[in-house]
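Good morning, colleagues. I would ask you to look at the model now on the screen, and I shall then take you through a few of its features.

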Amino acid sequence: MLKGVSIMDSIKTTRLKNLTGGCIIRKEHPLDYKYGIISGVSETPTVVTYPMTFRLWTSGIKNQQTKNTCVAHALATLKETQEYYDARDTKKFSTNWIYGNRTDSQYQGEGMYIEEALNNLKNYGAVYLEDLPDNLDYT
């Protein structure tokens with residue numbers, strides 16, 4: 001079932017028409033990969049074994065309220081989790097920095113392209129929330 005199906009195809013088939021939001025899905029890209037090609041799996045496994053328990057530290061759920069900032073919120077949480085596991089650092093990161101840090105050649109409207117946000121996080125890093133506070137009460 002998954003052989004030759006790109007992640008973008010899966011997203012497109014489950015995406016609602018006329019739904020607007022902060023995560024902007026781009027058209028298929030030559031660097032998108034096919035699941036079957038990289039995994040060697042030609043169909044969905046019929047037996048899956050999960051551990052009895054699984055615990056993952058996270059910094060908590062962020063409330064983006066009515067803003068189209070889901071990509072920035074997700075990446076801030078991802079970065080906080082990564083910093084916790086790498087250095088036991090529990091400081092929070094600014095979603096304003098992630099959302100607003102865009103080059104002139106990148107999309108400037110509401111929402112974000114995930115790949116642009118990830119590239120910026122990789123290239124420019126993140127800023128602690130205490131250094132650049134968010135303008136909303138994210139609890």
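Helix 5 supplies the largest share of the lining of the largest cavity, namely 3 residues. Helices here are DSSP runs of H or I with at least four residues, strands are E runs of at least two, and both are numbered from the N terminus. A cavity is a set of points, on a 1 Å grid over the protein atoms alone, where a 1.4 Å probe fits but cannot get out, and lining residues have an atom within 4 Å of a point. Grid points are joined across faces, edges and corners, and a volume is the space filled by probe spheres set on the points.

Please bear in mind that this is a predicted model, in which local features need pLDDT of at least 70, side-chain atom pairs count only at pLDDT 80 or more, and totals for chains, interfaces and linings use all residues. Residues are numbered from 1 along each chain as its sequence is written, and side-chain values use heavy atoms, with hydrogens and water left out.

How many cavities of 30 Å³ or more are there? The count is 1, and the largest cavity holds about 40 Å³ of space. Its lining consists of Trp97, Ile98, Asn101, Ala117, Asn120, Leu121 and Gly125. Helix 4 and helix 5 each contribute at least two residues to that lining. By class, 4 of the lining residues are nonpolar, 3 are polar and none is charged; Ala, Val, Leu, Ile, Met, Phe, Trp, Tyr, Cys and Pro count as nonpolar, Asp, Glu, Lys and Arg as charged, and the others, Gly among them, as polar.

Let me stay with helix 5. Ala117, Asn120 and Leu121 are buried there, that is, under 20% relative accessible area with a 1.4 Å probe and protein chains only. They lie on the same side of helix 5, because they cover an arc of only 100 degrees around the axis, taken from the directions from the helix axis to the C-beta atoms. The buried residues of helix 5 pack against helix 3, helix 4 and strand 2, where contact means heavy atoms within 4.5 Å. Gly125, which follows helix 5, has a positive phi, near 75 degrees.

Glu80 counts as buried because its relative accessibility is 1%. Leaving aside residues up to four places away in sequence, Glu80 touches Trp57, Ser59, Lys62, Asp89, Lys91, Lys92 and Phe93. Arg88 follows helix 3 and has a positive phi, near 60 degrees.

How values were computed
1 Å grid on protein atoms, 1.4 Å probe; cavity = no way out; pocket = protein on both sides within 12 Å on 5 of 7 lines; lining within 4 Å. Buried < 20%, exposed > 50% of the residue type's maximum accessible area, 1.4 Å probe, protein only.
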